[in-house]
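Welcome, and thanks for taking a look.

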Amino acid sequence: MSLYQRLFYFYYSLLRRFTAGRALFSKPWPRLLVLDFSYEGVSGHHHALNKLLTSAGKEAGWHVHVLANRGIAPPLIDSHTDPIFTRGTYGAVGKPKQARKKLRRTVRSFFKDMLEARLDRIPANTAILIHTASAPHILATVGFLRLAKRQCPTNIYLMLPPDFDAAPPAQAEQRRQYEHAFRLAAGHPHIRFFCENRLLKAAYEGLGCKHIALLDLPCRLPDTAFERPQTDRTSFLFIGDPRPEKGLQLILDTLPLLEPLAGRITIKLLLTHPEKSSAVAPLLEGRSFVELVAKPFFSEAEYFQALGQTDCVLLPYDPQAYLLKNSNIVSEAFGCGTPVIVPPGPNSLSDYCTATSASAHVEMKTHSPEGLAEAVGVFLTQAPDLQSKASLLRRQVIESRAPRHFIERIAHLTA
């Protein structure tokens, strides 16, 4: 018997003794149960995804319920959400010895929480979705299914995260953990893996995970197209959190190269962190073709209006940071019928754009001020054609990213 199995048997017998008759999850079982151990607030993708799933499930006649982190903000706890999990998924991997300790702690914690939530009594008509499931969650899930001492009648869908950004030697330990987890999960009849892009799928296949389905994450997109204002200038938009990997600094460094186009273009910077804009404003003095708007929150209506009424969305993201992870803003721009400028491949943004039936994008040749300035110039010469392609692509993206479509695919997902 392996060390992992001995640990599982020990914790299983101990916890069954102390949780007998206790059911933290006492409501009627849903048809889709979402385990989101990192769901604590409204920031990031967790809140948006969980709300989309619960609303889409309701529309489809499903009962969708979310088990969240115990640190979740109290206003977010409702009839569809319960605080269950004690540990999230984020945090530095650290050195190999630290990573192994973190692995053991996370496996124990996740296993304990699954028991306390009575997931070993789940009925056959309920599917479990675990998103951002890294190696310890896979290990805990395999052990849980083995030690529940019953044939689990439901499928458990694990959404694999873009979790390969640790630096050596931590990356080697991270890969070893995944390889071990995939070996234990191989062939289990009720475990299904999926991820959201082809490059990520290939990376996990390289770690020994076979039979991974591709499934686009859902996002809410506007039903109607936007009318762009008729002006004599071509508009470009950057919107979002000005974190370093998003490329705001690259845009600022490119502005001197765009001065000759000042009479032909406008650039709008919509930043969601006003406190970070104080360093940006002085760099824009004397550049009337650049507009800065900083506010802590853009409503859904404001956000989609900004995407839909601009001529092009600037996404000069760090290609290394986005090598395996995608960004919803690409789909959201296409869903509004708007072309984009993306970093040079290989990365998931450029790969997603290339994989669509219409190439409504310009890919930078180099991730540099010169590369971005050249991409802006290319867009100016091809704007009508790119906007036409984006308009044709809009309906396809809305359909593929519809929350209803995601629910249906989960219900019938095969490798």
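A straight helix of 32 residues would span 46 Å at 1.5 Å a residue, yet α12 spans only 34 Å between its end C-alpha atoms. Please keep in mind that this is a predicted model.

**The bend in α12**
- At Gln382, α12 bends by about 80°.

**Helix α10 and its cover**
- Helix α10 runs over residues 328-335 and is mostly covered, with 7 of its 8 residues buried.
- Those buried residues are Ile329, Val330, Ser331, Glu332, Ala333, Phe334 and Gly335.
- The cover over them includes the strands β8 (234-240), β11 (312-314) and β12 (340-342).
- After α10 comes Gly337, which has a positive phi, near 75°.

**A look at Ala333**
- Ala333 counts as buried because its relative accessible area is 0%, and the cut-off for buried is under 20%.
- Setting aside neighbours within four places in sequence, Ala333 is in contact with Leu307, Val313, Thr338 and Val340.
- The C-alpha atoms of Ala333 and Phe304 are separated by 8.2 Å, and the two residues are 29 residues apart along the chain.

Terms used: Residues are numbered from 1 along each chain as its sequence is written. This is a predicted model: local features need pLDDT of at least 70, side-chain atom pairs count only at pLDDT 80 or more; totals for chains, interfaces and linings use all residues. Side-chain values use heavy atoms; hydrogens and water are left out. Buried means under 20% relative accessible area, exposed over 50%, partly exposed in between (1.4 Å probe, protein chains only). Helices (H or I, at least four residues) and strands (E, at least two) are DSSP runs, numbered from the N terminus. Contact means heavy atoms within 4.5 Å. The expected span of a helix is 1.5 Å times one less than its number of residues. The bend at a residue is the angle between axes fitted to the seven residues ending there and the seven starting there.
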